[in-house]
Amino acid sequence: MASVSEMYDVTWEEMRDKLRKWREDNHRNSEQIVDVGEELINEHASKLGDDIWIIYEQVMIAALDCSRDDLAWTCLQELKRQFPGSQRVKRLAGMRLEALEKYEDASKQYDSILQDDPTNTAARKRKISILKAQGKSAEAIRELNEYLEQFVGDQEAWHELSELYINEHDCLGDLGVREAAVFHGGVCVCVCKQHTGSVVTLAGGQCLQECLARYGKAAFCLEELMMTNPHNHLYCEQYAEVKYTQGGLENLELSRKYFAQALKLNNRNMRALFGLYMSASHIAASPKVNATVKKANVKYATWATNQINRAYQLAGRGTKENKCSVKAVEEMLESITMS
Amino acid sequence: MGEVELSCLAYVKMYLHGCLFPRCSVNGLLLSSSPAGGAVCVTDCVPLLHSHLPLAPITQLGLTQVDVWCAQTQQRIVGYYQANACVSDNSPTPCALKIADKIAEQCNNAVLLMIDGGKMSPDYRVPPIVMYERKDTRWTLKDKHTIMLRQWEETREIANQLLDSGDHSLLVDFDSHLDDITRDWTNQKLNAKIAELASPANVCTWMSRVEK
């Protein structure tokens, strides 16, 4: 089995620098980290100096991700020897227990960290991750909300919370329900876990309200993120997707605005471009809008169509590969007529 | 109800989709190039998403584009598959049921397929899938005896080989396509690789290796 350095013709310094870059960018390319890191540790440990400790940590986490308990154990032992009694190493030991699905033991480990240091955010977040891994998303949501009351600036936590809300009661939102209503002759069929198969009228759709509320909460989390990261096009675009999913004219208009904002921040965001096209088309097609609004949205949708076509033409040049997708997009855009 | 046959190509791509994104829920559409009526033959699949499955816009976009592509290539959408991020829970989520319902509107014997993450291992003796069909308005478990996967061992070997060689990273789902639109979600390259591995000469080589 060829070594990484042989296969890619790299020196140990380059391998060490690559690991650093992945660390700084917080990449989760665990298989690569294990390949590069394991070789570095086995062959070049003496040359790494004090860097070795942070590399042990990085490789250990990657090893857990790839079910390489042998490697994770080795790294953990080295770290324990060098830093006895360290909270940071204790957390790593906890993560290993999580990887082995020994959740109770892991939880105890984190509790002992929190006893010594109640402000240890890493341990609190690991406990929430355990809840998520066990499928207890309602509890995870509750704990994460409590955590965010104390640590209001934790971006990672806000994003995690938005994801939990989105996945919690996923009914594809109001648009999906309206379509189901048409199919079943005007009566809303709710497909939430509590009411699967039963028929619930739109007016009395209490469960529908709950579901849509989750999307509202996800939107709130993304609003927090957009406020603190106004230049991040991904948060704008995700917010727009949630609004679109919530449905209704007001939300559609908001979603269009935020898709447009995402595009302003990054004009190559294809999801935002398609999102702009779809939200503008839906608004233009709605019977509730007046002629001016309709005209404006037709204009936005047409602009988006041209941009999409241009992007696909550019992409199609020189590659035979995506001819199918180019054709599919062209036909899709043609088939939706704007009157 | 009716019989369902799952082709090697469809199974391998679905399986590789799950393997490529082990920490995410993934989903996709099941296609058939056979005419309607009689048994459902799933001949191909299109992997769709690995993020934000319950959000509407990209799902709608994917469904529409695949629909158009199917019309261009004489295929039909006959089902939906999903693999949940949480390996211990392989029950269909509400959004899975919703999309499957939409598909069933156009195709009476549509199927809903959940991949059982807990049973995905290189030497598992039966395919790690659970299939549902629509009876009245509910999705119910399909009788295992009506599900056919011809040459299961060969299919499994093909999937394993692609994983070992790292070729599973060739798989492009709709999400990845939106990240880089030069990538092809119809997966022509990967299809060709799978067809090559499924050719009789290759199959004989492994079967003898497997038997040793």
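1. **Ground rules.** You're looking at a predicted model, where local features need pLDDT of at least 70, side-chain atom pairs count only at pLDDT 80 or more, and totals for chains, interfaces and linings use all residues. Residues are numbered from 1 along each chain as its sequence is written, chains are lettered from A and ligands numbered from 1 in the order in which they are written, and side-chain values use heavy atoms, with hydrogens and water left out.

2. **Salt bridges.** Side chains of opposite charge can pair when their charged atoms come close. A salt bridge here is a side-chain nitrogen of Lys or Arg within 4 Å of a carboxyl oxygen of Asp or Glu. By that rule there are 24 salt bridges over all chains.

3. **A link between two helices.** Start with K132(A) and E160(A), a salt bridge whose closest N and O atoms are 2.7 Å apart. K132(A) sits in helix α8 (residues 121-133) of chain A and E160(A) in helix α10 (residues 155-168) of chain A, so the pair ties together parts that are 28 residues apart in sequence. (Helices are DSSP runs of H or I with at least four residues, strands are runs of E with at least two, and both are numbered from the N terminus.) K132(A) is partly exposed at 43% relative accessible area, and E160(A) is partly exposed too, at 28%. For these words, buried means under 20% relative accessible area, exposed means over 50%, and partly exposed is in between (1.4 Å probe, protein chains only).

4. **Two pairs in chain B.** K119(B) and D116(B) form a salt bridge, with the closest N and O atoms 3.0 Å apart. K119(B) is partly exposed at 35%, while D116(B) is buried at 9%. Next, have a look at E133(B) and K142(B), which meet in a salt bridge of 2.8 Å, N to O. Here E133(B) is buried, with a relative accessible area of 5%, and K142(B) is buried as well, at 8%. Over in chain A, R16(A), D17(A) and R20(A) are joined into one network by salt bridges that share partners.

5. **Another loop residue in chain B.** Q75(B) belongs to the loop between α2 (56-72) and β5 (76-83) of chain B. At 13% relative accessibility, Q75(B) is buried. Its side chain makes a polar contact of 3.0 Å with the side chain of T73(B).

6. **Positive phi.** E101(A) isn't a glycine, but its phi is positive, at about 65°. E101(A) lies in the loop between α6 and α7 (103-116) of chain A and is exposed, at 59%. Chain B has a case to look at as well: Q151(B), also not a glycine, has a positive phi near 50°. Q151(B) is in the loop between β9 (147-148) and α4 (152-164) of chain B, and at 55% relative accessibility Q151(B) counts as exposed.

7. **Buried helix residues in chain A.** L92(A) is in helix α6 (residues 87-99) and is buried at 1% relative accessibility. From L92(A) to Q238(A) you count 146 residues in sequence and 32 Å in space, C-alpha to C-alpha. I33(A), in helix α3 (residues 30-44), is buried at 4%. I33(A) and P287(A) are 254 residues apart in sequence, and their C-alpha atoms are 55 Å apart in space.

Technical notes:
Polar contact = N/O pair within 3.5 Å; in protein donor to acceptor, adjacent residues only side chain to side chain.
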